[in-house]
Amino acid sequence: MTAFVENHTFGIQIALFLFILCFFWILESISLSQSLKDKYLHTLVNAKFLIFVIPIQIILAVILLSVSAKTVTYSFGLLYHLPIEKNGVTYYLIAFLLIDFFNFIYHYLMHKIPLGWRFHQVHHSDMDVDISTTFREHPGETFFRVTFFIITVFVLGISPWIIILFQLMESTSNLISHSKIKLPENIDRFVSLIFVTPNSHSIHHHYKLPHTDANYGDILSIWDHIFKTASRLNQKKIVYGIDTHMNPVYNANFKLLIKRPFRSKKKSPLVNGAVKNTLILIFIFSIQGFYAQKTLGNTIKDSTVIETDLNVNDFSVIIINHIKAAELSSV
Ligand SMILES: [Zn+2]
């Protein structure tokens with residue numbers, strides 16, 4: 001059973017993704033008075049993004065799993081240095097919390113850094129958010145997202161099994177949070193204290209600030225409550241889209257959406273405070289870099305493979321040298 005899951009990880013994820021997608025797509029069609037033709041055309045625009053997104057995901061997944069395997073081989077990463085029993089319930093719980101927190105940081109940065117927002121705004125450009133909006137992601141953002149996740153895996157030291165479990169939960173959560181099927185408000189008030197719900201995530205897709213810059217959570221909403229980025233808005237008042245790009249024809253044109261990050265000259269009000277937030281990003285990466293350099297030095301201090309001084313902010317160098325050291329020392 002374990003071997004089967006290991007050998008068919010990608011297939012299982014795709015099958016689960018498609019099952020939930022179809023289930024909610026049909027549920028949305030039945031329960032909401034939208035013409036099937038309109039829903040199909042809207043889904044088709046969002047589905048076109050998968051043509052680029054899937055190959056990028058597959059290529060980067062190879063690097064992701066390779067980095068993950070090396071962290072296991074060398075017991076490398078923050079999780080290996082915590083005074084908790086490995087493979088116990090506490091270990092998995094802390095791993096889950098830390099990965100979800102890193103995803104919260106990633107989403108925050110994509111809103112606050114101008115370059116990130118150029119790509120992430122394509123996801124927000126959907127003016128009729130439904131379950132198909134989940135795969136409306138610019139390929140440039142796919143690259144940023146998976147690269148950030150590779151860094152997360154490297155810094156935390158996450159095993160392939162935890163990655164698989166987390167991504168299964170994440171893809172399920174992301175599909176449901178974009179669904180038009182909402183919870184009753186009185187129930188949502190409690191559920192959204194811990195989890196991202198369709199109600200709370202739809203507020204994140206509201207066209208105007210401050211709601212667009214709120215509710216960044218991936219699976220858990222607790223980070224938004226802790227860092228005061230949680231927001232509530234009556235569902236009837238929600239208007240999907242971005243106030244800087246409210247042309248429905250433009251937002252439904254796949255070719256124009258792909259070109260948008262490279263053409264958009266108009267400054268979004270969301271880039272306010274960009275300098276401050278870029279400094280926050282550099283600070284976070286520096287902390288990660290110092291930690292990685294320190295831990296890496298302890299792990300392979302006797303190795304003669306790495307002869308160059310590592311740049312604390314250059315993760316690519318760290319990762320490549322780490323993999324080279326691991327491979328050469330295992331020969
Ligand atoms: Zn967003």
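**Close-up 1. K228 sits in the loop between α11 and α12.** This is a predicted model. Phi of K228 is near 60°. That is a positive value in a residue other than glycine. K228 has 8 C-beta neighbours inside 10 Å, so it counts as exposed.

**Close-up 2. The loop between α10 and α11 holds N215 and P210.** Helix α10 covers 198–204, and α11 covers 222–226. The peptide bond from L209 to P210 is cis. Its omega is near 5°. N215 has a positive phi, near 50°, and is a residue other than glycine. N215 is buried: 26 other C-beta atoms lie within 10 Å of it.

**Close-up 3. Helix α6 is largely enclosed by the rest of the structure.** Of its 11 residues, 9 are buried. They are G116, W117, R118, F119, H120, Q121, V122, H123 and H124. What covers these buried residues of α6 includes α5, α7 and α12. Helix α12 spans 254–263.

**Close-up 4. Helices α6 and α7 cross.** Two packed helices are described by the angle between their axes and the distance between the axes. Here α6 runs over residues 114–124 and α7 over residues 139–156. Their axes come within 8 Å and cross at roughly 115°. Angles of 65 to 115 degrees count as roughly perpendicular, and α6 and α7 are therefore roughly perpendicular to each other. The crossing of α6 and α7 is left-handed. From α6, the residues G116, F119, H120 and H123 take part in the contact. They meet G140, E141 and F144 in α7. By type, the residues of this contact divide into 2 nonpolar, 4 polar and 1 charged.

**Close-up 5. The largest nonpolar core has 25 residues.** Those with the most contacts inside this core are I99, I150, V153, F154, L156 and I158. Helices α4 (50–73), α5 (89–112), α7 and α8 (160–177) each supply at least two residues of the core. The most come from α5, which gives 8 residues. I150 touches L60, I63, L64 and V67, leaving aside residues up to four places away in sequence.

**Close-up 6. L44 belongs to helix α3.** This helix takes in residues 36–47. L44 is exposed, with 12 other C-beta atoms within 10 Å. L44 and A252 are 208 residues apart in sequence. In space, their C-alpha atoms are 9.8 Å apart.

Definitions and conventions: Residues numbered from 1 in each chain as written. Predicted model: local features only at pLDDT ≥ 70, side-chain atom pairs only at ≥ 80, totals over all residues. Axes fitted to C-alpha atoms, helices over the stretch in contact; angles between N-to-C directions. Helix = DSSP H or I, 4+ residues; strand = E, 2+ residues; numbered from the N terminus. Parallel < 35°, antiparallel > 145°, perpendicular 65-115°, else oblique. Left-handed = near helix turned anticlockwise from the far one by under 90°. Contact = placed C-beta atoms within 7 Å. Nonpolar A, V, L, I, M, F, W, Y, C, P; charged D, E, K, R; others polar. Buried ≥ 20, exposed ≤ 12 C-beta atoms within 10 Å, placed from the backbone. Core = buried A, V, L, I, M, F, W, Y, C linked by C-beta atoms within 7 Å.
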